Amino acid sequence: TPEHVRAAARAFRVYVSQGPPDTDGDYVVDHSVLTFLLGPDGLVRDCYGQSRTAEELASSVRRHMETYEPLPPG
């Protein structure tokens, strides 16, 4: 639902905005350009913007995979 999208955007601190509809009712969505790496536990482990190269992103993901430790049961 639109409410769920707004809540997710707030939780991840991303910008999202629906543009004006065209004559067919279609619209463009403007949004932040971020990619989030989530661990198996659902926690955000890293965030990648446009300035990161594919090699940097791949290296970061590999490093997170190699060093991942689950949080102890709470």
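Me: Which residue does Glu 3 form a salt bridge with?
Reply: Arg 6. This is a predicted model, and in it the closest N and O atoms of Glu 3 and Arg 6 are 3.5 Å apart.

Me: How are Glu 3 and Arg 6 placed in helix H1?
Reply: They are three residues apart in helix H1, so about one helical turn separates them. Arg 6 is partly exposed, because its relative accessibility of 45% falls between the 20% and 50% cut-offs.

Me: How many salt bridges does the structure hold?
Reply: Two. Besides the pair in H1, there is one between Asp 41 and Arg 45, with the closest N and O atoms 2.4 Å apart.

Me: New topic, aromatics. How many aromatic pairs are there?
Reply: One. It consists of Phe 12 and Phe 36, whose ring centres lie 5.1 Å apart. Their planes meet at 55°, so the pair counts as tilted.

Me: Which parts does that pair tie together?
Reply: Helix H1 (residues 2–12), which holds Phe 12, and strand E3 (residues 35–38), which holds Phe 36. The pair therefore links parts that are 24 residues apart in sequence.

Me: And how accessible are Phe 12 and Phe 36?
Reply: Phe 12 has 34% relative accessibility and is partly exposed. Phe 36 is partly exposed as well, at 28%.

Me: How is the protein divided into domains?
Reply: Into domain 1, residues 1–32, and domain 2, residues 33–73. Their C-alpha centres are 24 Å apart. Four residues from domain 1 and five residues from domain 2 make up the contact.

Me: How much area do domain 1 and domain 2 bury between them?
Reply: About 360 Å², with 78% of it on carbon and sulfur atoms. On the domain 1 side, Phe 12, Val 14 and Ser 32 lose the most area to domain 2, and together they account for 89% of what that side buries.

Me: Why quote an area at all?
Reply: Because the accessible area lost when parts come together is often used to give the size of an interface.

Me: Where does Tyr 15 lie?
Reply: Tyr 15 is also in the loop between H1 and E1. Tyr 15 is partly exposed, with a relative accessible area of 44%. Leaving aside neighbours within four places in sequence, Tyr 15 is in contact with Asp 30, His 31 and Ser 32.

Me: What feature does UniProt place at His 31?
Reply: The unreviewed entry there places "binding site" at His 31. In the model, His 31 belongs to strand E2 (residues 29–31) and is partly exposed, at 47% relative accessible area.

Me: Which residues does His 31 touch, not counting those up to four places away in sequence?
Reply: Tyr 15 and Val 16.

Me: Now Ser 60. Buried or exposed?
Reply: Buried, with a relative accessible area of 0%. Ser 60 lies in helix H2 (residues 54–67). Apart from neighbours within four places in sequence, the contacts of Ser 60 are Asp 46, Tyr 48 and Arg 52.

Me: Last one, the start of the chain. Where is Thr 1, and is it buried or exposed?
Reply: Thr 1 is in the segment before H1, and at 54% relative accessibility Thr 1 counts as exposed, because the cut-off for that is over 50%. Thr 1 and Leu 37 are 36 residues apart in sequence and 24 Å apart in space, C-alpha to C-alpha.

Conventions. Residues numbered from 1 in each chain as written. Predicted model: local features only at pLDDT ≥ 70, side-chain atom pairs only at ≥ 80, totals over all residues. Heavy atoms only, no water. UniProt positions renumbered as here; feature names shortened; annotations may be inferred. Helix = DSSP H or I, 4+ residues; strand = E, 2+ residues; numbered from the N terminus. Buried < 20%, exposed > 50% of the residue type's maximum accessible area, 1.4 Å probe, protein only. Contact = heavy atoms within 4.5 Å. Phe/Tyr/Trp six-rings, centres within 6.5 Å; stacked < 30°, edge-to-face > 60°. Domains from an automatic or database assignment. Buried area = accessible area lost by both parts, 1.4 Å probe. Salt bridge = Lys/Arg side-chain N within 4 Å of Asp/Glu carboxyl O.
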